[in-house]
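Colleague: I am new to reading protein models. Please take me through one, feature by feature.

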Amino acid sequence: MYDHIRGQDNAIARLKTLRRLGRVAHAYLFTGPPGVGKDTTAKAFAGALLCEAGSETGAACGLCRQCRLFYGAAHPDLHLVAPEGASIGIDQIRHVNAAVSRKPYNRRHVVVINAADLCTDQAQNAFLKTLEEPPGAVVFILVSDRAEALLPTVLSRCCEVKFRRLKPEMVAEELVKRHDVPPAEAKAVAALAGGSIGRALELHSPETAALRKKVLALAASPALARVNDKTLFTSRAEVWQWLDFMSLWYRDLLLYRLTGDAGLVVNTDYLQEIQKAAYAAPQLLGAVEAVETGKKMLRANVHQRLVMEGLTARLASILTKAR
Ligand SMILES: [Zn+2]
């Protein structure tokens, strides 16, 4: 079950060792950015904890009776908690508390709480009592990408297992291999996804692909002023995406201008245009900076239209200057 998880070797090695040696604590907190494999790892760890043979390899064997129950999503000792609506409420935690106070069917109860930071304060307090005095054989696995939202008293009772951002190459590879994303697009969305496969998959939507095409077509053509077309950006989120794609575009142009190395180009499906572009390095540096300034303004809540109008005027002036 751990086999499909990429880029989290340290966390997985640690969990396997714990299981092999039987040194399992009462509560774990899996932290790290969203979309890097925390949920999948929590499930695999839960499987290993329930498996009869897990003490040999540290992973679930997939064959024993416990594993069959687990894979059939019918293991009576496994308790999964996820937000109902916007939060995890006190009733959900009370339900878990009651379940784990009963004798386990086999060896121990395993409770996985996804998005644990969405527990209400009441729910966390109800949970805290169980954490402080575990009723018996139970392991809690809390998963969160915003662990700072948990009560310090809860945090201090959990062993933290940290998950890392993935390298963009790894994200791109996963998208191509497992999600049938065309390689050039995979490389581009992976570069924007901040090391998260989940985020990359969000970015890989037909709408985003269309937007990227639009941005690159405009950025690649000298008729940049057309970006002023009011119909082009509807939402703030879309303007962010515009700016992200534009940074990536000018970064590609600049890197290629400086190094001549096509291997560094992210927008590989636009390699020809990038190789043909005749801008000088200072112009491209100016363009990269102009886009960054645009992002800063947007972050400072300047109206999106003002940001984009200012940016396109600035880019037009930088890029049409005599070189
Ligand atoms: Zn097993």
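Modeller: Start with a pair of helices. Helix 5 and helix 6 cross in a right-handed way. A crossing is right-handed if the near helix is turned clockwise from the far one by less than a right angle, and left-handed if anticlockwise. Helices here are DSSP runs of H or I, at least four residues long, and strands are E runs of at least two, both numbered from the N terminus. This is a predicted model: local features need pLDDT of at least 70, side-chain atom pairs count only at pLDDT 80 or more, and totals for chains, interfaces and linings use all residues. Residues are numbered from 1 along each chain as its sequence is written.

Colleague: At what angle do helix 5 and helix 6 pack?

Modeller: Two packed helices are described by the angle between their axes and the distance between the axes. Axes are lines fitted to C-alpha atoms over the stretch in contact, and angles run from 0 to 180 degrees between N-to-C directions. Helix 5 (residues 90-100) and helix 6 (residues 121-132) pack at about 15 degrees, with axes 8 Å apart. They are therefore roughly parallel. Angles under 35 degrees count as roughly parallel, over 145 as roughly antiparallel, 65 to 115 as roughly perpendicular and the rest as oblique.

Colleague: Which residues of helix 5 and helix 6 meet?

Modeller: Contact means C-beta atoms, placed from the backbone, within 7 Å. From helix 5, the meeting residues include Ile90, Ile93 and Val100. Helix 6 brings Ala123 and Phe127, among others.

Colleague: How do helix 1 and helix 2 cross?

Modeller: Helix 1 (residues 9-21) and helix 2 (residues 38-50) cross at roughly 15 degrees, and their axes come within 10 Å. That makes helix 1 roughly parallel to helix 2. Their crossing is right-handed. Ala11, Ile12, Leu15 and Arg19 of helix 1 make the contact with Thr41, Phe45, Ala48 and Leu49 of helix 2.

Colleague: Are helix 14 and helix 15 roughly parallel or antiparallel?

Modeller: Roughly antiparallel, because of the packing angle. That angle is about 170 degrees, and the axes of helix 14 and helix 15 (residues 304-320) lie 10 Å apart.

Colleague: Is Ala290 buried or exposed?

Modeller: Count the neighbours. A residue is buried if 20 or more other C-beta atoms lie within 10 Å of its own, exposed if 12 or fewer, and partly exposed in between. Ala290 has 21, so Ala290 is buried. Its place is in helix 14 (residues 281-299). Leaving out residues up to four places away in sequence, Ala290 touches Leu311, Arg314, Leu315 and Ile318. Across the chain, 37% of the 323 residues count as buried.

Colleague: What is the phi of Asn301?

Modeller: Most residues other than glycine have a negative phi. Asn301 is not a glycine, yet its phi is positive, about 65 degrees. Asn301 lies in the loop between helix 14 and helix 15. With 9 other C-beta atoms within 10 Å, Asn301 is exposed. Ala73 also has a positive phi, about 55 degrees. Ala73 sits in the loop between helix 4 (65-71) and strand 2 (78-81). Ala73 has 8 C-beta neighbours inside 10 Å, so Ala73 counts as exposed.

Colleague: Which domains make up the chain?

Modeller: Domain bounds come from an automatic or database domain assignment. The chain is divided into domain 1 (2-162) and domain 2 (205-320). Over C-alpha atoms, the centres of domain 1 and domain 2 are 44 Å apart. The C-alpha trace spans about 80 × 40 × 30 Å along its principal axes. In total, the chain holds 15 helices and five strands.

Technical notes. Two residues are in contact if their C-beta atoms, placed from the backbone, lie within 7 Å.
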